[in-house]
Amino acid sequence: MKTLFTLCLLAAATTAGAAFAQTAADTATGSDCITLSNDKQLVRKNADRSILLRNGGDHYIVHLATSCSSATISRKLEFATPGQEGQLCGARASRLNTDQQSCDVTRLEPISAKQFASRAR
């Protein structure tokens, strides 16, 4: 009986570990979405391939699929996710629209406020 109980616990722990690993993998690939806040800040530094985003109290590097050269000088920077108004998603579900280009978002990388401040300088 003790052996059966131990095996059940081991199976449950393995299943939980696999679920956690899948969640971490989804986050790493940028397939998750975030709700965009009215309190957000976009930083264009090195905007050719990524944009820094402060969304409320959260901070991200928004990685772009290809060079988005107009993002460095464009007056307009807006995220659009078809069918998901107010959301920003990775895995090419969202786009960064500028005055001249529309660029696919590949991944949202969460970073700390300290990293955000350092990269924004």
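Q: Why is Ala65 called buried?
A: Ala65 has a relative accessible area of 15%, and buried means under 20% relative accessible area, exposed over 50% and partly exposed in between, with a 1.4 Å probe and protein chains only; therefore Ala65 counts as buried. Ala65 is found in the loop between E4 and E5, where helices (H or I, at least four residues) and strands (E, at least two) are DSSP runs numbered from the N terminus.

Q: What kind of model do these values come from, and how are residues numbered?
A: This is a predicted model, in which local features need pLDDT of at least 70 and side-chain atom pairs count only at pLDDT 80 or more, while totals for chains, interfaces and linings use all residues. Residues are numbered from 1 along each chain as its sequence is written, and side-chain values use heavy atoms, with hydrogens and water left out.

Q: Which residues is Ala65 in contact with, leaving aside its neighbours within four places in sequence?
A: With contact meaning heavy atoms within 4.5 Å, and with those neighbours set aside, Ala65 is in contact with Arg49, Arg92, Asp104 and Thr106. The C-alpha atoms of Ala65 and Val105 are separated by 6.0 Å, although these residues are 40 residues apart along the chain.

Q: What is the pattern of the protein, read along the sequence?
A: The secondary structure comes to two helices and eight strands, and read along the sequence the pattern is α-β-β-β-β-β-β-β-β-α.

Q: What makes Cys33 and Cys89 a disulfide?
A: A disulfide is a pair of cysteine sulfur atoms within 2.5 Å, and the S to S distance of Cys33 and Cys89 is 1.9 Å. The torsion about their S-S bond is about 110 degrees, so this disulfide is right-handed. The pair links distant parts of the chain, with Cys33 in strand E1 (residues 33-35) and Cys89 in strand E6 (residues 87-89), 56 residues apart.

Q: Why does His63 count as buried?
A: His63, which lies in strand E4, has 17% relative accessibility and therefore counts as buried.

Q: What makes a polar contact with the side chain of His63?
A: The side chain of Glu109 does so, at 2.6 Å, where a polar contact is a pair of N or O atoms within 3.5 Å; within protein, one must be able to donate a hydrogen and the other to accept it, and residues adjacent in sequence count only if both atoms are side-chain atoms.

Q: How do you know that E4 and E8 pair?
A: Two strands pair if DSSP finds at least two bridges between them, and six bridges join E4 to E8, which run antiparallel. In E8, the bridge partner of Val62 is Leu108. Strand E7 (residues 95-97) and E8 also pair in the antiparallel sense, over three bridges, and a hairpin joins E7 to E8 through four residues.

Q: Which residues touch the most other members of the largest nonpolar core?
A: A nonpolar core is a set of buried Ala, Val, Leu, Ile, Met, Phe, Trp, Tyr and Cys residues joined through side-chain atoms within 4.5 Å, and of the 17 residues in the largest one, Val62, Leu88 and Leu96 touch the most other members. The elements that give two or more residues to this core are strand E3 (50-55), strand E4 (58-64) and strand E8 (102-111).
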